[in-house]
Amino acid sequence: MNPLDLEAMLREMNGQVAQRLQLPDNETVVLDVGCGYGAVSRQLCARFPAAKFHGATRSSNEISTGEKMNREAGLSDRIPLCQADFQQMPFADNFADAAFAIESACYAEGADKRRLLEELSRVLKPGSRLVVVDGFRKQGQPLPVFLDKIYRRCLAAWGLGELADVPAFILKMEQVGF
(Lines give C-alpha, C1' and ligand atoms only; values in the text may rest on other atoms or scores of the structure.)
Protein backbone atom coordinates (compact mmCIF):
# COMPACT_ATOMS: atom_id res chain seq x y z
CA MET A 1 0.00 0.00 0.00
CA ASN A 2 1.21 3.47 -0.87
CA PRO A 3 0.45 5.89 1.99
CA LEU A 4 0.29 8.69 -0.57
CA ASP A 5 -2.50 7.01 -2.56
CA LEU A 6 -5.51 7.94 -0.42
CA GLU A 7 -8.11 6.40 -2.75
CA ALA A 8 -6.38 3.00 -2.75
CA MET A 9 -6.04 3.11 1.04
CA LEU A 10 -9.74 3.94 1.46
CA ARG A 11 -10.78 1.13 -0.91
CA GLU A 12 -8.64 -1.31 1.06
CA MET A 13 -10.06 -0.11 4.39
CA ASN A 14 -13.62 -0.43 3.08
CA GLY A 15 -12.82 -3.90 1.77
CA GLN A 16 -11.53 -4.88 5.21
CA VAL A 17 -14.74 -3.57 6.80
CA ALA A 18 -16.84 -5.55 4.29
CA GLN A 19 -14.87 -8.72 4.98
CA ARG A 20 -15.29 -8.36 8.74
CA LEU A 21 -19.03 -7.63 8.52
CA GLN A 22 -19.55 -11.13 7.09
CA LEU A 23 -22.89 -10.16 5.57
CA PRO A 24 -25.06 -12.92 4.10
CA ASP A 25 -26.17 -12.84 0.45
CA ASN A 26 -29.82 -12.36 1.44
CA GLU A 27 -31.62 -9.18 2.48
CA THR A 28 -29.94 -7.55 5.44
CA VAL A 29 -30.03 -4.17 7.15
CA VAL A 30 -26.71 -2.47 7.90
CA LEU A 31 -26.11 0.72 9.90
CA ASP A 32 -23.44 3.15 8.76
CA VAL A 33 -22.77 4.96 12.05
CA GLY A 34 -21.41 8.43 11.39
CA CYS A 35 -21.92 7.93 7.65
CA GLY A 36 -20.66 11.29 6.42
CA TYR A 37 -21.72 11.51 2.78
CA GLY A 38 -22.45 7.78 2.61
CA ALA A 39 -19.45 6.91 0.42
CA VAL A 40 -18.68 3.63 2.19
CA SER A 41 -22.31 2.50 1.97
CA ARG A 42 -22.36 3.32 -1.74
CA GLN A 43 -19.23 1.24 -2.28
CA LEU A 44 -20.59 -1.66 -0.21
CA CYS A 45 -23.88 -1.68 -2.15
CA ALA A 46 -22.03 -3.19 -5.11
CA ARG A 47 -20.50 -5.90 -2.95
CA PHE A 48 -23.75 -6.71 -1.13
CA PRO A 49 -26.60 -6.28 -3.65
CA ALA A 50 -29.32 -7.50 -1.25
CA ALA A 51 -28.30 -5.24 1.64
CA LYS A 52 -29.93 -1.98 2.64
CA PHE A 53 -27.69 0.55 4.37
CA HIS A 54 -29.02 3.16 6.81
CA GLY A 55 -26.69 6.07 7.47
CA ALA A 56 -26.75 8.31 10.52
CA THR A 57 -24.75 11.52 10.87
CA ARG A 58 -25.04 14.67 12.96
CA SER A 59 -24.43 16.98 9.99
CA SER A 60 -27.32 18.32 7.91
CA ASN A 61 -24.82 19.30 5.19
CA GLU A 62 -23.59 15.69 4.98
CA ILE A 63 -27.21 14.50 4.70
CA SER A 64 -28.13 16.84 1.84
CA THR A 65 -24.90 16.18 -0.07
CA GLY A 66 -25.05 12.43 0.61
CA GLU A 67 -28.68 12.20 -0.52
CA LYS A 68 -27.77 13.98 -3.76
CA MET A 69 -24.86 11.58 -4.33
CA ASN A 70 -27.12 8.60 -3.58
CA ARG A 71 -29.71 9.85 -6.11
CA GLU A 72 -27.01 10.31 -8.75
CA ALA A 73 -25.81 6.75 -8.10
CA GLY A 74 -29.38 5.39 -8.24
CA LEU A 75 -29.14 4.22 -4.63
CA SER A 76 -31.58 6.44 -2.76
CA ASP A 77 -33.83 3.51 -1.91
CA ARG A 78 -30.88 1.41 -0.64
CA ILE A 79 -29.14 4.09 1.44
CA PRO A 80 -31.54 6.28 3.40
CA LEU A 81 -29.69 8.84 5.52
CA CYS A 82 -30.87 10.48 8.72
CA GLN A 83 -29.59 13.31 10.84
CA ALA A 84 -29.11 11.90 14.32
CA ASP A 85 -26.73 11.64 17.20
CA PHE A 86 -25.49 8.08 16.85
CA GLN A 87 -25.57 7.78 20.63
CA GLN A 88 -29.37 8.11 20.36
CA MET A 89 -30.58 6.89 16.97
CA PRO A 90 -34.18 6.92 15.70
CA PHE A 91 -34.19 3.19 14.95
CA ALA A 92 -36.30 0.53 16.69
CA ASP A 93 -34.81 -2.08 18.98
CA ASN A 94 -33.24 -4.99 17.04
CA PHE A 95 -33.48 -2.95 13.82
CA ALA A 96 -30.25 -3.94 12.07
CA ASP A 97 -28.29 -7.06 11.23
CA ALA A 98 -24.87 -5.37 11.32
CA ALA A 99 -23.20 -1.99 11.81
CA PHE A 100 -19.95 -0.25 11.08
CA ALA A 101 -18.41 2.98 12.34
CA ILE A 102 -15.48 4.36 10.36
CA GLU A 103 -13.69 7.29 11.97
CA SER A 104 -16.85 8.25 13.87
CA ALA A 105 -16.83 6.35 17.18
CA CYS A 106 -14.14 8.77 18.34
CA TYR A 107 -16.80 11.50 18.47
CA ALA A 108 -18.85 9.55 21.05
CA GLU A 109 -18.48 10.43 24.71
CA GLY A 110 -16.02 8.86 27.14
CA ALA A 111 -12.99 6.61 26.97
CA ASP A 112 -15.21 3.51 26.89
CA LYS A 113 -17.75 5.07 24.45
CA ARG A 114 -20.48 3.68 26.72
CA ARG A 115 -23.46 5.57 25.24
CA LEU A 116 -22.51 4.62 21.68
CA LEU A 117 -22.06 0.95 22.53
CA GLU A 118 -25.28 0.80 24.55
CA GLU A 119 -27.17 2.36 21.65
CA LEU A 120 -25.64 -0.02 19.13
CA SER A 121 -26.47 -2.94 21.40
CA ARG A 122 -30.09 -1.72 21.45
CA VAL A 123 -30.54 -1.24 17.68
CA LEU A 124 -28.61 -4.33 16.57
CA LYS A 125 -30.18 -7.77 16.60
CA PRO A 126 -28.62 -10.23 19.05
CA GLY A 127 -25.51 -11.81 17.57
CA SER A 128 -24.99 -8.98 15.07
CA ARG A 129 -21.54 -7.88 14.01
CA LEU A 130 -20.11 -4.44 14.73
CA VAL A 131 -16.98 -3.22 12.96
CA VAL A 132 -15.21 -0.12 14.31
CA VAL A 133 -12.34 1.56 12.48
CA ASP A 134 -10.96 4.47 14.45
CA GLY A 135 -8.19 5.97 16.51
CA PHE A 136 -7.76 4.40 19.94
CA ARG A 137 -5.44 4.75 22.90
CA LYS A 138 -3.77 1.46 23.80
CA GLN A 139 -4.23 2.07 27.52
CA GLY A 140 -5.85 4.62 29.78
CA GLN A 141 -2.75 5.41 31.82
CA PRO A 142 -1.89 9.10 32.13
CA LEU A 143 0.47 10.40 29.47
CA PRO A 144 3.65 12.31 30.27
CA VAL A 145 2.90 16.05 30.50
CA PHE A 146 4.49 16.98 27.16
CA LEU A 147 2.76 14.12 25.33
CA ASP A 148 -0.58 14.88 26.98
CA LYS A 149 -0.30 18.46 25.73
CA ILE A 150 0.23 17.23 22.15
CA TYR A 151 -2.62 14.71 22.55
CA ARG A 152 -5.03 17.42 23.80
CA ARG A 153 -4.10 19.74 20.91
CA CYS A 154 -4.73 16.97 18.39
CA LEU A 155 -8.11 16.23 19.99
CA ALA A 156 -9.06 19.92 19.89
CA ALA A 157 -8.03 20.20 16.24
CA TRP A 158 -10.43 17.37 15.36
CA GLY A 159 -13.20 18.51 17.74
CA LEU A 160 -12.85 15.38 19.89
CA GLY A 161 -13.31 14.92 23.61
CA GLU A 162 -11.11 11.84 23.91
CA LEU A 163 -10.15 8.73 22.02
CA ALA A 164 -11.45 5.38 23.14
CA ASP A 165 -9.22 3.41 25.47
CA VAL A 166 -8.85 -0.13 24.05
CA PRO A 167 -9.25 -2.11 27.33
CA ALA A 168 -12.16 0.09 28.50
CA PHE A 169 -13.83 -0.12 25.08
CA ILE A 170 -13.53 -3.91 24.91
CA LEU A 171 -14.81 -4.29 28.48
CA LYS A 172 -17.82 -2.07 27.72
CA MET A 173 -18.52 -4.03 24.53
CA GLU A 174 -18.63 -7.22 26.56
CA GLN A 175 -20.81 -5.62 29.25
CA VAL A 176 -23.43 -4.51 26.71
CA GLY A 177 -23.53 -7.89 24.97
CA PHE A 178 -21.02 -7.86 22.12
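Tutor: Happy to! A disulfide here is a pair of cysteine sulfur atoms within 2.5 Å. Keep in mind that this is a predicted model. By that cut-off, the count of disulfides is zero. C82 is in no disulfide, and the nearest cysteine sulfur, that of C35, lies 7.4 Å away. C82 is also buried, at a relative accessible area of 17%. For C154, the closest cysteine sulfur belongs to C106 and is 12 Å away, so the two are too far apart for a bond. C154 is partly exposed, with 44% relative accessibility.

The largest nonpolar core has 23 residues, and L31, V33, M89, A99, L116, L120 and L130 touch the most other members. At least two residues come from each of β1 (28-33), β4 (96-102), α4 (114-123), β5 (124-133) and α6 (166-175), and α4 gives the most, with four. Leaving out residues up to four places away in sequence, A99 touches, among others, L21, V30, L31, V33 and L120. A separate second core of 21 residues includes V40, L75, A98 and F100.

R137 is buried yet has no salt bridge, and D148, the nearest side chain of opposite charge, is 5.6 Å away. Its side chain does reach the backbone oxygen of Q141, at 2.7 Å. Beyond neighbours within four places in sequence, the contacts of R137 are L143, Y151, L163, A164, D165 and V166.

Conventions. Residues are numbered from 1 along each chain as its sequence is written. This is a predicted model: local features need pLDDT of at least 70, side-chain atom pairs count only at pLDDT 80 or more; totals for chains, interfaces and linings use all residues. Side-chain values use heavy atoms; hydrogens and water are left out. Buried means under 20% relative accessible area, exposed over 50%, partly exposed in between (1.4 Å probe, protein chains only). Lys and Arg count as positive and Asp and Glu as negative; His and the chain ends are not counted. A salt bridge is a side-chain nitrogen of Lys or Arg within 4 Å of a carboxyl oxygen of Asp or Glu. A polar contact is a pair of N or O atoms within 3.5 Å; within protein, one must be able to donate a hydrogen and the other to accept it, and residues adjacent in sequence count only if both atoms are side-chain atoms. Contact means heavy atoms within 4.5 Å. A nonpolar core is a set of buried Ala, Val, Leu, Ile, Met, Phe, Trp, Tyr and Cys residues joined through side-chain atoms within 4.5 Å.
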